[in-house]
Amino acid sequence: MQKCEDCAATYYPLIGRILIAVLFIAAGYEKLMDVINNHGAYTIMAMNSVGIPFAGMTLLILTIVLELLGGIMLVVGYKTKWTGIVLALFTIVATYYFHFSKDQLLMALKNLSIIGGLLYVSGFGAGVWSVDSWFAKRKQTGMTEKAMM
């Protein structure tokens, strides 16, 4: 029987990554649906209204790819250190443009918490249940097998 501490170290990083990633996947999906249904009009209008430079379809598509791909990479735990850093930087920029006002203080604080979670993942890795861990074990096993020959 596993100790509770072992369960936490095994499963909490996976649960945490999933919970953080849901936000990015949902936001990317919402923007993708705007592109499909309205040619991105709503999202591009929102980006223009806050003064984002180069707001247009290209930036919107890049944002969708970043949110969807970054969210999926976070869930599966692939390249999580870099994924966390990139998503944290993206969230800093989004917070500056969309939530940097008195009436958006709670949203800005929420984003700061998300940035903190992303930096935590970047600093400590994805945990046992991740592609990163699988690759590390495989690399270590391969090195051990080569050393035995």
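Exposed, in these legends, means a relative accessible area over 50%, buried means under 20%, and partly exposed covers the range in between. Every view below is drawn from a predicted model.

**View 1. His 39 sits in the loop between helix H1 (4–38) and helix H2 (41–49).** With a relative accessible area of 63%, His 39 is exposed, because that value passes the mark of over 50%. Look at the backbone here too: His 39 is not a glycine, yet its phi is positive, at about 60 degrees.

**View 2. Phe 54 lies in the loop that joins H2 to helix H3 (57–76).** Here is another residue other than glycine with a positive phi, near 60 degrees. Phe 54 is exposed, and its relative accessible area is 77%.

**View 3. Helices H2 and H3 pack with their axes 10 Å apart.** The angle between H2 and H3 is about 105 degrees, so the two helices are roughly perpendicular to each other, a label that covers 65 to 115 degrees. From H2, the residues Thr 43, Ile 44 and Met 47 meet Met 57, Leu 59 and Leu 60 of H3. Sorted by class, this contact holds five nonpolar residues, one polar residue and no charged ones.

**View 4. The largest pocket has a volume of about 880 Å³.** Its lining counts 28 residues, and those closest to the pocket centre are Lys 31, Glu 67, Phe 90, Ala 94 and Phe 98. Two or more lining residues come from each of H1, H2, H3, helix H4 (80–99) and H5. By class, the lining of the largest pocket splits into 17 nonpolar, six polar and five charged residues.

**View 5. The second largest pocket holds about 200 Å³ of space.** Among the residues that line this pocket are Tyr 12, Arg 17, Ile 20, Tyr 120 and Phe 124. H1 and H5 are the elements that give two or more residues to the lining, and H1 supplies the largest share, five residues. Seven of the lining residues are nonpolar, four are polar and one is charged.

**View 6. Gly 127 belongs to the loop between helix H5 (105–124) and helix H6 (131–148).** Setting aside residues up to four places away in sequence, Gly 127 touches Pro 13 and Ser 133. Gly 77 is 50 residues away from Gly 127 in sequence, while their C-alpha atoms are 8.0 Å apart in space. Gly 127 is partly exposed, with a relative accessible area of 29%.

Note on methods:
Residues numbered from 1 in each chain as written. Predicted model: local features only at pLDDT ≥ 70, side-chain atom pairs only at ≥ 80, totals over all residues. Heavy atoms only, no water. Helix = DSSP H or I, 4+ residues; strand = E, 2+ residues; numbered from the N terminus. Buried < 20%, exposed > 50% of the residue type's maximum accessible area, 1.4 Å probe, protein only. Contact = heavy atoms within 4.5 Å. Axes fitted to C-alpha atoms, helices over the stretch in contact; angles between N-to-C directions. Parallel < 35°, antiparallel > 145°, perpendicular 65-115°, else oblique. Nonpolar A, V, L, I, M, F, W, Y, C, P; charged D, E, K, R; others polar. 1 Å grid on protein atoms, 1.4 Å probe; cavity = no way out; pocket = protein on both sides within 12 Å on 5 of 7 lines; lining within 4 Å. Points joined across faces, edges and corners; volume = space filled by probe spheres on them.
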